[in-house]
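Dear colleague,

Please find the structure below, together with its sequence.

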Amino acid sequence: MNLTNLSLRFNGFDIASAKRKLEALKREVATDSAQYYIKRRSQILEFHLRNNSFYRNFVAGNPTGWDSLPVLTKADLQKPLEERLSEGFSKRNSHVHKTSGSSGNPFIFAKDKYCHALTWASIQDLYLLAGVNLNTSYEARFYGIPQGGMPIYKERLKDVLSNRYRFSIFDASDQNFEKFINQFKRVKFGHLNGYTSTLVLFAHYLRSKNLILKQICPSLTHCIVTAEILLKDDKLLLEQQFGIPVLNEYGSSETGVIAFGKAENPLKIDTALLYVEILDDQNKPVPNGTSGKIVITSLFNKAHPFIRYQIGDLGVINLDEHNNTVLTNLDGRIGDFAILTNGKKVPALAFYYVTKTVIEDSGNVKEFIINQNKPNKFTIKYVADIAFNEFQLAKIEKALKTYLNQEIEFVIVKQPFLDRSNRGKLRQFKRDF
């Protein structure tokens with residue numbers, strides 16, 4: 001048993017039992033997925049209607065069917081955790097965690113200990129199916145970390161127990177990246193795992209030095225990106241400079257890993273533990289292949305209800321050739337769109353991608369973010385070794401005005417670094433109104 005499993009067991013998470021349970025659940029799904037979801041949805045719904053006063057009041061009445069249940073949002077959970085826990089559960093006998101806050105609505109939530117063990121069993125299983133054995137592969141972790149005090153020591157201890165080493169991602173200087181490279185020369189890492197933007201930034205530095213990470217650290221087998229959208233050009237850059245396959249992880253603190261697989265391929269959804277729906281603006285299911293709000297039901301969390309929980313993202317699900325439910329597209333966050341003076345809405349992801357294409361054709365940009373200050377004003381902050389000249393700035397502005405099809409004021413500012421969240425995530429687009 002590795003340190004992660006030993007630590008889980010020591011803290012009351014029965015990982016061995018959870019692994020056996022997971023295998024039984026997977027067999028149930030494979031036998032009849034439709035019946036499986038009817039049964040498991042009904043069980044978790046009935047449990048929380050009986051045992052959770054918060055959820056009972058939230059539903060407010062007798063639902064006539066699954067589709068009539070209200071959708072739970074992050075804003076609905078902005079109240080003390082004690083008011084949201086089911087009967088028999090407390091902070092002491094549950095796994096308590098906090099969301100990252102990248103959506104703007106952070107909150108504390110809980111999982112019962114067996115649900116948390118099931119989540120870890122499933123994560124290990126999903127990784128193993130993709131070729132990463134968390135029991136043996138030493139992880140190079142590119143995540144944020146608390147910047148001082150006791151929290152940083154707790155995080156470091158968790159890293160040791162989880163068979164991983166954490167790189168400081170708040171310093172994107174050449175000197176710090178050289179420290180990264182020296183660490184990869186000394187240590188036999190098995191895989192990388194981290195925020196997309198930070199890994200892309202590191203890959204840009206490797207390209208500037210004409211280095212391939214696999215040649216520096218031959219033990220590397222995979223790169224796993226998470227928490228941020230992975231664009232096609234960035235995937236190609238990671239593959240080229242790291243010299244290893246790129247895997248994509250989509251998940252949340254609240255639910256665990258939702259979907260996982262090879263980047264740009266359909267991602268395998270954790271169908272044993274989660275029920276995933278795609279809904280329209282009226283919270284009605286959309287046909288497979290249609291983009292909509294991603295809504296998750298955690299089928300085994302008894303401590304805290306996550307039933308028809310709106311995760312905050314837009315995406316598309318489909319059935320693959322084996323009739324498995326897969327995530328075929330992530331379309332960005334709900335509400336992430338630019339609103340122009342003529343009332344037109346431009347999806348942030350599309351706008352960002354067009355901007356990225358234009359900017360990268362014009363210079364040696366490492367990363368950038370876009371702020372919409374007003375309907376007719378945007379600020380683009382970028383990091384590069386050399387600032388854009390007047391010709392390049394004019395080219396960028398002309399191209400974006402053509403794309404948006406109206407007069408827009410742009411402020412384009414070179415920065416030494418970009419502000420990230422306290423966990424290290426980079427929000428590529430933000431609207432200030």
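This is a predicted model: local features need pLDDT of at least 70, side-chain atom pairs count only at pLDDT 80 or more; totals for chains, interfaces and linings use all residues.

Residues are numbered from 1 along each chain as its sequence is written, and side-chain values use heavy atoms, with hydrogens and water left out.

Salt bridges

Side chains of opposite charge can pair when their charged atoms come close. The structure holds 22 salt bridges (a side-chain nitrogen of Lys or Arg within 4 Å of a carboxyl oxygen of Asp or Glu). One of them joins E254 to K74, at 2.9 Å from N to O. This pair links distant parts of the chain, 180 residues apart: E254 lies in the loop between β7 (246-252) and β8 (256-262), and K74 in the loop between α4 (53-59) and β1 (94-98). Helices (H or I, at least four residues) and strands (E, at least two) are DSSP runs, numbered from the N terminus. Both E254 and K74 are buried (buried means under 20% relative accessible area, exposed over 50%, partly exposed in between, with a 1.4 Å probe and protein chains only).

D159 forms a salt bridge with R164, with the closest N and O atoms 2.6 Å apart. D159 counts as buried because its relative accessibility is 2%, and R164 is buried at 11%. These two residues belong to a network of salt bridges that links E155, K158, D159, R164 and R166.

E407 forms a salt bridge with K401, the closest N and O atoms being 3.4 Å apart. E407 is exposed, since its relative accessible area is 63%.

A buried lysine

K293 is in strand β11 (residues 292-298). K293 is buried yet has no salt bridge, and the nearest side chain of opposite charge, D281, is 5.3 Å away. For charge, Lys and Arg count as positive and Asp and Glu as negative, while His and the chain ends are not counted.

Helix packing

Helix α7 (residues 174-186) and helix α8 (residues 196-208) pack at an angle of about 85°, with their axes 11 Å apart. Axes are lines fitted to C-alpha atoms, for helices over the stretch in contact, and angles run from 0 to 180 degrees between N-to-C directions. The angle therefore makes α7 roughly perpendicular to α8 (65 to 115 degrees; under 35 is roughly parallel, over 145 roughly antiparallel and the rest oblique).

Yours sincerely
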